[in-house]
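The sequence and structure are shown first.

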Amino acid sequence: MKKLQTVLLILIATFSFSQTKTDAKPFIEITGTAKEEVIPNEIYLDVPVEERIEKGKKITIQEIETALKKELQSCGVSEKSLSISNLNSKLVKTGWWNKEILATADYELKINDASILKDVFEIFERLNIKNARITKASHDNIINIRKKVRISAIKAAKEKADYLLNAIGEQTGKPLLVRDVGNEQINNFTFANTAYKQNKLLSREVNLKQGNIQFQNITISSSIYVKFEIK
């Protein structure tokens with residue numbers, strides 16, 4: 001009796017498996033992509049400042065900061081856009097026998113207009129501020145822009161599935177699986193920093209237009225994988 005029950009269970013399981021396998025619906029797998037270029041309106045710079053001795057007189061961090069804020073205001077940059085992020089000191093040899101402790105500070109500067117970057121780097125040069133560099137570029141509406149690009153990517157997947165299936169007389173059904181497989185924000189500042197410091201155009205990151213160095217746009221891209229049922 002027990003052997004009979006075991007055989008029946010095996011037969012039922014096999015039948016159920018076969019039925020499920022037979023009922024599996026055909027599908028199509030598609031990856032939709034989209035991208036958008038955005039003009040950055042939030043550009044961040046790292047600005048290292050060091051005290052120094054000039055003609056026997058110490059030029060302090062506070063004096064450099066005051067001069068920097070004044071110069072930036074002439075470009076339309078608010079002094080609130082400049083904030084200190086780190087403050088240290090170091091022992092420096094100032095003569096044959098003399099050593100002095102000089103302060104160093106790291107500032108973060110945020111500007112909202114890429115067209116004034118050339119003027120900003122010229123201010124750094126006048127104030128003997130070395131090694132300033134661009135660290136980040138973004139947009140104040142970047143979250144919504146990313147959403148928009150993702151929506152465009154999934155619509156592109158649907159459109160691709162439609163025309164491929166239409167070519168063989170089939171129709172796109174409901175999505176069975178959706179996966180966000182890649183989102184990227186492209187902005188490399190290595191060559192841009194070099195170009196601004198040397199006031200030369202060394203790469204495609206910057207280009208000359210009407211006498212001003214223009215900052216390269218941010219590229220936002222997205223890829224969405226979708227598995228559609230075939231009707």
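Gly76, which comes after helix α2, has a positive phi, near 85°. The model is a predicted one, and the values below are computed from it.

Helix α2 itself covers residues 61-74, which makes 14 residues. From its first C-alpha to its last, α2 reaches 20 Å, close to the 20 Å expected at 1.5 Å a residue. Its buried residues are Ile61, Ile64, Glu65, Leu68, Lys69 and Leu72. Viewed down the axis of α2, these buried residues lie within an arc of 135°, so they line one face of the helix. Gln62, Lys70 and Ser74 are exposed on the other side of α2. The list of buried positions includes Glu65 and Lys69, while Lys70 is exposed.

Strand β2 takes up residues 42-50. Seven of its nine residues are buried, so β2 is largely enclosed by the rest of the structure. Buried here stands for a relative accessible area under 20%.

| Partner of β2 | Residues of partner | Sense | Bridges |
|---|---|---|---|
| β7 | 133-138 | antiparallel | five |
| β6 | 99-111 | antiparallel | eight |

Individual positions show how these pairings run. Towards β7, Glu42 has Ser138 as its bridge partner. Towards β6, Pro48 stands opposite Asp106. In a regular strand, side chains alternate between the two faces of the sheet.

The remaining points concern residues with more open surroundings. Glu159 belongs to helix α4, residues 142-166. Is Glu159 buried or exposed? Its relative accessible area is 54%, so Glu159 is exposed, the cut-off for that class being over 50%. Between Glu159 and Thr172 there are 13 residues of separation in sequence, and their C-alpha atoms are 9.5 Å apart in space.

Strand β8 spans residues 172-186, and Leu177 lies in it. With a relative accessible area of 33%, Leu177 counts as partly exposed, because that class lies between the 20% limit for buried and the 50% limit for exposed.

Conventions
Residues are numbered from 1 along each chain as its sequence is written. This is a predicted model: local features need pLDDT of at least 70, side-chain atom pairs count only at pLDDT 80 or more; totals for chains, interfaces and linings use all residues. Side-chain values use heavy atoms; hydrogens and water are left out. Helices (H or I, at least four residues) and strands (E, at least two) are DSSP runs, numbered from the N terminus. Buried means under 20% relative accessible area, exposed over 50%, partly exposed in between (1.4 Å probe, protein chains only). Two strands pair if DSSP finds at least two bridges between them. The expected span of a helix is 1.5 Å times one less than its number of residues. The arc is that of the directions from the helix axis to the C-beta atoms.
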